[in-house]
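Please read it alongside the sequence and structure shown here.

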Amino acid sequence: MHCIETINLTHNFSANEAALKCVNLQVRESTIYGFLGPNGAGKTTTLKLILGLLKKQHGEIFVFGKPFEQHRVETLRHIGSMIESPSIYGQLTASENLRILQKVYRCPKQRIQEVLELVGLAQTGRKKANQFSLGMKQRLSIAMTLLHNPSLLILDEPTNGLDPNGILEIRELLQSLNQQHGITILISSHLLPEIEKLVTHVGIINRGNLLFQGTLPELISKRQQNSFMIFETNNAAKASHIIGEFGLIPRIEAGNIATPILDKETVAAINQRLVQHDIEVYQISRVESDLEKIFFDVISE
């Protein structure tokens with residue numbers, strides 16, 4: 001079942017500025033969906049439309065299988081969201097910040113301690129939020145989104161500005177929420193190496209167009225298409241001819257020979273043949289495209 005589905009979602013900020021162009025987003029239940037794109041690609045606009053923070057112009061939005069417009073209040077009761085900057089009262093403690101929302105949501109008071117423990121802030125005591133590190137503030141913001149026990153989290157750049165340790169803490173927290181509590185998470189980000197470690201599904205948007213959508217393994221499979229072997233020798237032309245005898249179509253790049261990815265037996269056989277023909281083999285390496293290269297390949301097509 002799709003927890004979130006948009007059909008031909010289109011939004012224009014002006015006659016000459018199309019923010020979204022027929023975006024068909026599909027977020028499956030109990031997944032972590034990474035929504036990727038450069039700044040200005042349309043990520044935040046999409047999330048705001050899903051949450052009703054922007055008025056929909058064209059297309060359809062379904063959340064939990066129901067039209068959002070007709071079931072807005074009911075739907076929002078089951079969504080926790082953090083869009084752009086966290087809304088925290090710096091002069092209040094973590095508990096006091098949550099107490100304000102607890103009255104709004106009318107949820108049990110014990111829920112405050114539960115979410116503080118969940119995000120690792122149970123021991124902050126009387127410490128004011130303006131004394132928190134950026135990572136602690138982000139965790140408090142996530143605690144605020146969890147207070148009413150939602151089944152869906154929508155987070156816009158939750159690791160923005162964090163140091164490596166803070167990013168790791170947020171990643172582990174989100175994975176725990178998904179795996180142990182079954183919460184579906186839609187997260188936008190431009191930190192591609194981090195997203196690769198976190199998400200199960202990926203959507204790539206650029207200039208308002210959804211360019212790719214699928215599982216992380218499906219996206220990574222594109223990596224194989226852009227991966228290759230490099231043979232560094234003292235005679236590229238002769239080595240290329242010999243490698244071609246293995247039914248390959250090698251190409252010479254910067255004085256080295258590039259081939260498609262090969263199994264280790266074939267690599268060993270080629271190396272042996274090259275040495276037999278008095279070619280010095282200095283290095284054989286495997287070059288794989290990382291998620292960042294795949295991402296830029298997708299948005300440049």
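Arginine 126 is exposed, at a relative accessible area of 60%, where exposed means over 50%, buried under 20% and partly exposed in between (1.4 Å probe, protein chains only). The model is predicted, so that local features need pLDDT of at least 70 and side-chain atom pairs count only at pLDDT 80 or more, while totals for chains, interfaces and linings use all residues. Residues are numbered from 1 along each chain as its sequence is written, and side-chain values use heavy atoms, with hydrogens and water left out.

**Count**
- With a salt bridge taken as a side-chain nitrogen of Lys or Arg within 4 Å of a carboxyl oxygen of Asp or Glu, the count comes to 9.

- Arginine 126 and glutamate 96 meet in a salt bridge at 3.1 Å, N to O.
- The two residues lie 30 residues apart, arginine 126 in the loop between α4 (110–118) and α5 (134–146) and glutamate 96 in helix α3 (residues 94–105), helices being DSSP runs of H or I of at least four residues, numbered from the N terminus.
- Glutamate 96 is buried, with a relative accessible area of 17%.

**A pair within helix α4**
- Arginine 111 forms a salt bridge with glutamate 114, the closest N and O atoms being 3.2 Å apart.
- Arginine 111 counts as buried at 15% relative accessibility, whereas glutamate 114 counts as partly exposed at 40%.

**A network**
- Salt bridges link Lys56, Glu60 and Glu69 in a network.
- Lysine 56 and glutamate 60 have their closest N and O atoms 3.8 Å apart, and glutamate 60 is partly exposed, with a relative accessible area of 38%.
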